[in-house]
Amino acid sequence: MEEKEISPAQRAAIAEVERHAAHNYHPLPVVIADAEGATVVDIDGRRYLDCLAAYSAVNFGHRNPRLTAVAHAQLDRLTLTSRAFHSAALGPFCSALAELAGKEMVLPMNTGAEAVESGIKVARKWGYEVKGVATDRANIVVAHGNFHGRTTTIVSFSDDPDAFTGYGPFTPGFRSVPYGDAAAVAEAIDDDTVAVLLEPIQGEAGVIIPPGDYLPQVRDVTAARDVLLIVDEIQSGLGRTGATFACDLVGVTPDLYLLGKALGGGIVPVSAVVGDADVLGVLRPGQHGSTFGGNPLAAAVGLAVVELLATGEMQLRAKTLGESLREGLTAYLGHGLTAVRSVGLWAGVDVDPAAGTAREVCERMMRGGVLAKDTHGQTVRLAPPLVVTEAELDRAVAALGSALRP
Ligand SMILES: *Cc1c(COP(=O)(O)O)cnc(C)c1O
């Protein structure tokens, strides 16, 4: 991106961030001030189509009117009690979310990483108290290329050097096997294995879709070996793939769902572990918690999100619009793209190095009025809000096409 293409106002705003915010991100040089639906507007009034949707946290569109109305109403009543007292909003949220997932119980937390951490703690405790694993012997099987968040324990089982380098010593008790290989999972399981933790589709890795029989086979082997199947649907879940859960696409029911991102409606961080009482029931008072987990504002917004998903409208949009997205992207195969992976309104496309890096393609798309995000050098991820229109999608695909022809 050339300096002169950025307005003085945006350049000043970016410089302030670079001076005073830690440099743990490398954002595109655009400063957003307003948004609605699938459109964001920068501080100079320039409009862009958002094709990232805050990594799927804005699945239902920026400032979705149904969700902001609920948030406004809740802000005017009660925002925080802590879990030391009951709040009126928590019960309806947990019961609706449990029903949406076909489970009995919800453990509400805030961020995705906390949901993952909570799932790991629950699985270990279940392993010791229910399965009968000897103290401190539990192991959890994970997959190469995983992304489950940024805490010390979670980066302990990442194989991305950027994610783990410099953060040791690492938490033991994880074994990583190739993604998409159910036989490798089966081989890694032993009598001390308490859980297999997987993304049903790997988002950060570049929208990696495993073979259709992968999750069903992992489900079979985990059930046979008395091992919990924990599915991280923080990015894949809640409509993105054209189904409520990506697991639905292959007919798999995990023991625990980990949810986050879109559960907060793009308004507040809301995450959850969802499962049955025989697993989540291992948590007794005082054994786990979070000051903000399940707070009234989060619960009200989360309930509105669940009610929105219960209509099936968003899932249907993702499914039907996803078909045109895939068709549009596939046209560039061999013409700037070397691979297209997509499911619902979620696509990872690999850029032919002759067309530049994925970052360069994203910068050119930005100049063309479309915001998308590169991952791992040559991959561009497209994940527009599910409220995107067909015409907007066509514009996104065309902008990618132009960006592939510098
Ligand atoms: C984003 C993400 C997380 C972490 O969520 P945070 O809210 O950023 O902590 C975990 N798992 C997956 C699959 C994700 O995409």
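Colleague: How far is a backbone N or O atom of G112 from an oxygen atom of the ligand?
Modeller: In this predicted model, the gap between that backbone atom of G112 and the ligand oxygen is 2.8 Å.

Colleague: And what about the side chain of Q235, how far is an N or O atom there from a ligand oxygen?
Modeller: For Q235, a side-chain N or O atom lies 2.7 Å from an oxygen atom of the ligand.

Colleague: What distance do you get between the side chain of D232 and a nitrogen atom of the ligand?
Modeller: That one is 2.7 Å, counted from an N or O atom in the D232 side chain.

Colleague: OK, how much of the ligand does the protein bury?
Modeller: The protein buries 80% of the 380 Å² that the ligand exposes when taken alone.

Colleague: Which pocket does the ligand sit in?
Modeller: You'll find the ligand in the largest pocket.

Colleague: Changing topic: where is E363?
Modeller: E363 is part of helix α13, which covers residues 358-367.

Colleague: Is E363 buried or exposed, and why?
Modeller: E363 counts as buried because its relative accessibility is 9%, and the cut-off for buried is under 20%.

Colleague: How far apart are the C-alpha atoms of E363 and K373?
Modeller: They are separated by 9.2 Å, with E363 and K373 sitting 10 residues apart along the chain.

How values were computed. Residues numbered from 1 in each chain as written. Predicted model: local features only at pLDDT ≥ 70, side-chain atom pairs only at ≥ 80, totals over all residues. Heavy atoms only, no water. Polar contact = N/O pair within 3.5 Å; in protein donor to acceptor, adjacent residues only side chain to side chain. Areas by Shrake-Rupley, 256 points an atom, 1.4 Å probe, with all protein chains shown as cover. 1 Å grid on protein atoms, 1.4 Å probe; cavity = no way out; pocket = protein on both sides within 12 Å on 5 of 7 lines; lining within 4 Å. Sits in = over half its atoms within 2 Å of the grid points. Helix = DSSP H or I, 4+ residues; strand = E, 2+ residues; numbered from the N terminus. Buried < 20%, exposed > 50% of the residue type's maximum accessible area, 1.4 Å probe, protein only.
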